[in-house]
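Take a look at the sequence and the 3D structure below. Then read on with both in view.

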Amino acid sequence: MGVILCDMKNHYQCCNVVRNLFTHSCSISCGQLIVYTAWYMLTITSLTKYFGTNKAVNNVTFSIEKGEIFSLIGPNSSGKSTIIKSIVGLVEPSSGKIEVSGHSVTATPELTKKDIGYIPDEPSV
């Protein structure tokens, strides 16, 4: 597993899931979403997502280095879950580029999905 994307409102619960999967500690003090990278790199470049005429994500760019713990924090409706869902391929970006382990999420999803774990807040069955 390379990247764990946690979309849980209870970040302590998410940290416990991460601790059970890895020996690394989880030191998140606040926030709803964490992205934990164990061995791989995540890069997002100019990510934008529209739902109709509503812009949910506006030109977001960041990268997460190998072994880094990264927290994506913001108020409700600020685009956190849309970013996470774009990374895992549940939402297609309107523009921009997302790479996991150097592979494009949109061009080669089969290569990126093997390196991603996704923990939704409310899983649907």
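## The model and its confidence

This is a predicted model, in which local features need pLDDT of at least 70, side-chain atom pairs count only at pLDDT 80 or more, and totals for chains, interfaces and linings use all residues. Residues are numbered from 1 along each chain as its sequence is written, and side-chain values use heavy atoms, with hydrogens and water left out.

The pLDDT is the predictor's confidence in each residue, from 0 to 100. The protein averages 78, and 66% of the residues score at least 70. Confidence is highest in β3, at 95, and lowest in strand β2 (residues 33-37), at a mean of 50. Over residues 23-32 the pLDDT is below 50. That stretch still has 29 contacts in the model beyond near neighbours in sequence (contact means heavy atoms within 4.5 Å). Where pLDDT is low, the predicted coordinates should not be read in detail.

Helices (H or I, at least four residues) and strands (E, at least two) are DSSP runs, numbered from the N terminus.

## The nonpolar core

A nonpolar core is a set of buried Ala, Val, Leu, Ile, Met, Phe, Trp, Tyr and Cys residues joined through side-chain atoms within 4.5 Å. Buried means under 20% relative accessible area, exposed over 50%, and partly exposed in between (1.4 Å probe, protein chains only).

The largest nonpolar core here has 15 residues. Those with the most contacts inside it include Leu42, Phe62 and Ile98. Two or more residues come from each of β3 (42-51), β4 (54-64), β5 (69-72), α2 (80-88) and β6 (95-100).

## How the strands pair

Two strands pair if DSSP finds at least two bridges between them. β3 and β6 run antiparallel, joined by five bridges. Thr45 stands opposite Lys97 in β6.

β6 also pairs with strand β7 (residues 103-104), in the antiparallel sense, over two bridges. Here Val100 stands opposite His103 in β7. β6 and β7 form a hairpin with two residues between them. Ser101, in the turn, has a positive phi of about 55°.

## Residues to find

Most residues other than glycine have a negative phi. Asn59, in strand β4, has a positive phi near 55°. Ser77 has a positive phi near 65° and lies in the loop between β5 and α2.

Is Ser77 buried or exposed? Ser77 counts as exposed because its relative accessibility is 80%. Asn59 is at 47%, so Asn59 counts as partly exposed.

Pro120 is in strand β8 (residues 116-120). With a relative accessible area of 22%, Pro120 is partly exposed. Pro120 and Ile84 are 36 residues apart along the chain, and their C-alpha atoms are separated by 9.5 Å.
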